[in-house]
Amino acid sequence: DDLISKKYLIDYLIGECIIDGSEGIERARYKGYEIIGDLVRASLLMEDAEQYGTECVRMHDVVREMALWIASELGREKEAFIVHAGVGLNKIPKVKNWNSVRRMSLMKNKIRNLAGSPECLELTAFLMQRGELVNISSKFFKSMPKLQVLDLSFNEHLTKVPDGVSDLVSLKYLNLSDTGIRHLPKGLQELKKLIHLNLEHTLQLSSIAGISNLHNLMILKLAGSGFSWDRGIVEELETLEHLEILTLEIHCPPHLELFFSSLRLTSCTRFLEILKLESTGIAIPVTMNKLRYFIITNCTIPEIKMGSICNKSNMVSPIHNPSEPCFLSLSKVYINKCRGLRELTLLMFASNLKELEVRYSDQLEDIINKEKACEVEESGIVPFAKLVSLYLRSLPKLKNIYWNPLRFPCLKIFNVIECPNLKKLPLDSQSGIHGENRLVLGYREESWIEGVEWEDEATKTRFLSS
C-alpha cells in the first residue's frame, strides 16, 4: 500500500524491457505514463498526492494480492514473485527453488548482509532499497544472468558494491543513490547493457572515473554526489553518445565553467543545482532546453543571465533580451540564500515555468526588472503564463514582481512571507484560477496585507475574501 513515484515505476518498466527504450527515453516515458493512466482508469492503481515533488501511485492490498496470484500462474508458481516489503526481515527468506524466482522485493527490511551465491537463473528484478544493508558478498550476483533491474538505494551504511557486479551481464537499471559507497566497483565497467545509473546523493563517492566504458548509458544521475569535477570527467561524460538525461550539482566557478562550456552535457541536463558558489555572475546557456529543475542555494551571485556557447573558445557569452522563449522544459526554480542577487529577469523566458520559490535573498529587489525587460515586452512574451505556485519568503528589499497585472491563468498558490517592501502585486480581479480551486493569496503579517496597494477595489475584495 506504499506510494511509488510514477517516474521510478516507469524506469523499472523500461529497465525490464516491458517498455521499449530503444527509440529514446522521452518516448518510452510517455508510453509509461499512458500505461499508468490506463491502470488508474481501470482502478488497478490509485493516484495519490505528490511526494517530494513527484507524482505517485499506490495499489490497494486486494488488487496487489490478485495481481501476484495471476502473475504466479494462478498460485501454481508461488515462488515466482517473492514480495516481502517492510515486514522486518533480518535475512533473506528461505526459497525452495531459486531458479523459479523471477522478481524479488525485499525493500524496507532489516537485512544487513547478502551472503552466499543463490542460483537465480530467471531473476529479472531485485528491489532491496530503503533498508539496513551493510555488506554484499563477492559472489552474490554470480548466478543472476537475466537480472535487468537492481535497486539498492537508500542503504546509507552500504559502502561498497562488490566487483562481482560484473556478472550481471543483462543489467540495464542500477540505483545506488543515497548509499555510502566510496568507489565505483571495477566490475561496473563491464555492464555493457546498462542504460540507467543513479548515483545521486552518494556523498562519499570519490570518483566516477571509467564511466565512459558504459557506452549505452542513456540516464546518468549525479546530483548530490561527492566526486570532484575536472576536465577528465567532462571529457569522459562527453563520450557517452547515447546519454539523454543528466542530473548534477556544482560547487565552484571552475567546475561550472567546465560544465557550461560543454554543449553535449548542457543539452541533456535535466536537473542542475548550484551550491556555495561565489562569482561575479553566471550565464546559463540557452541550449539547456531539457533543463526542468534549477536550484541555486547559498551562493554569492549578483546576476544570472542567459548565454550562448562560442564554438571557437567554448566560453559562454551573455545574451541580452532574446526575441523568443528559452529553457522550454524549465518547470521548477528554487532560489535560496543568494547574496547580492538583485533580479531574476531571465525567468521571463521560461515560458513553461510551473513553480517558483525564492527565499532568504536579502538583496533581491525585482523578480522581473522593468528596464531589463522593456525590449522583451515588445516581442510579445508574457511571463508566468503556466505558473502554478509562487512562494516568496524573507526578501526584505523586494519591491516588484512585475509592474503590470498578469493573467496568471494557472496560478493556484501565491504565498508572501516577510517581504515588507512588496507593496504592489501584479494582480487584478481576473488573475489566477477562479472557481472551486481558485487562487489563494497566503500571508502571515496583517500589517503587510493592510499596506498592499491594490489595482482596484474589485481586486482587493477578491483576494482579501479568499
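# Briefing: cysteines, strands, cavities and selected residues

The sulfur of Cys299 lies 5.0 Å from the closest cysteine sulfur, which belongs to Cys338, and this is too far for a bond. The structure is a predicted model, and the count of disulfides in it comes to zero. The points below begin with this pair of cysteines and then turn to strand pairing, cavities and individual residues.

**The cysteine pair**

- A disulfide is a covalent bond between the sulfur atoms of two cysteines.
- For a pair to count as a disulfide, the two sulfur atoms must be within 2.5 Å; the sulfur atoms of Cys299 and Cys338 are 5.0 Å apart, so the distance is too far for a bond.
- Cys338 is accordingly in no disulfide, and its nearest cysteine sulfur is that of Cys299.
- Cys299 has a relative accessible area of 0% and is therefore buried.
- Cys338 is also buried, because its relative accessible area is 1%.

**Strand pairing**

- Strand β16, which covers residues 293-300, pairs with strand β19, which covers residues 332-339.
- The pairing of β16 and β19 is parallel and extends over seven bridges.
- Within this part of the structure, Tyr293 stands opposite Lys332 of β19.
- Strand β19 is also joined to strand β20 (residues 355-359) by five bridges, and these two strands run parallel.
- Tyr334 stands opposite Glu357, a residue of β20.

**Cavities**

- A search of the whole structure finds three cavities of 30 Å³ or more.
- The largest cavity has a volume of about 50 Å³.
- Its lining consists of Ile284, Leu291, Phe294, Phe327, Leu330, Val333, Leu346 and Leu347.
- When the lining of the largest cavity is sorted by class, eight residues are nonpolar, none is polar and none is charged.

- Asn175 belongs to strand β10, which covers residues 173-175.
- Asn175 counts as buried because its relative accessibility is 0%.
- Leaving aside residues up to four places away in sequence, Asn175 touches Tyr8, Leu150, Asp151, Leu152, Ser153 and Asn198.
- Ile219 is found in strand β12, which covers residues 219-221.
- The relative accessible area of Ile219 is 2%, so this residue is buried.
- Among the residues that Ile219 touches, not counting those up to four places away in sequence, are Asp11, Ile25, Arg29 and His196.
- Other contacts of Ile219, under the same exclusion of residues up to four places away, include Ile195, Leu197, Leu243 and Ile245.
- Ile219 and Met348 are 129 residues apart along the chain, and their C-alpha atoms are separated by 29 Å.

**Two loop residues with positive phi**

- Lys108 is not a glycine, although it has a positive phi of about 60°.
- Lys108 lies in the loop between β5 (103-105) and β6 (113-114).
- With a relative accessible area of 36%, Lys108 is partly exposed.
- Tyr360 has a positive phi of about 45° and is likewise not a glycine.
- The loop that holds Tyr360 lies between β20 and α7 (370-377).
- Tyr360 is partly exposed, because its relative accessible area is 35%.

Conventions:
Residues are numbered from 1 along each chain as its sequence is written. This is a predicted model: local features need pLDDT of at least 70, side-chain atom pairs count only at pLDDT 80 or more; totals for chains, interfaces and linings use all residues. Side-chain values use heavy atoms; hydrogens and water are left out. On a 1 Å grid over the protein atoms alone, a cavity is a set of points where a 1.4 Å probe fits but cannot get out, and a pocket is an open set with protein on both sides within 12 Å along at least five of seven lines; lining residues have an atom within 4 Å of a point. Grid points are joined across faces, edges and corners, and a volume is the space filled by probe spheres set on the points. Ala, Val, Leu, Ile, Met, Phe, Trp, Tyr, Cys and Pro count as nonpolar, Asp, Glu, Lys and Arg as charged, and the others, Gly among them, as polar. Helices (H or I, at least four residues) and strands (E, at least two) are DSSP runs, numbered from the N terminus. Buried means under 20% relative accessible area, exposed over 50%, partly exposed in between (1.4 Å probe, protein chains only). Contact means heavy atoms within 4.5 Å. Two strands pair if DSSP finds at least two bridges between them.
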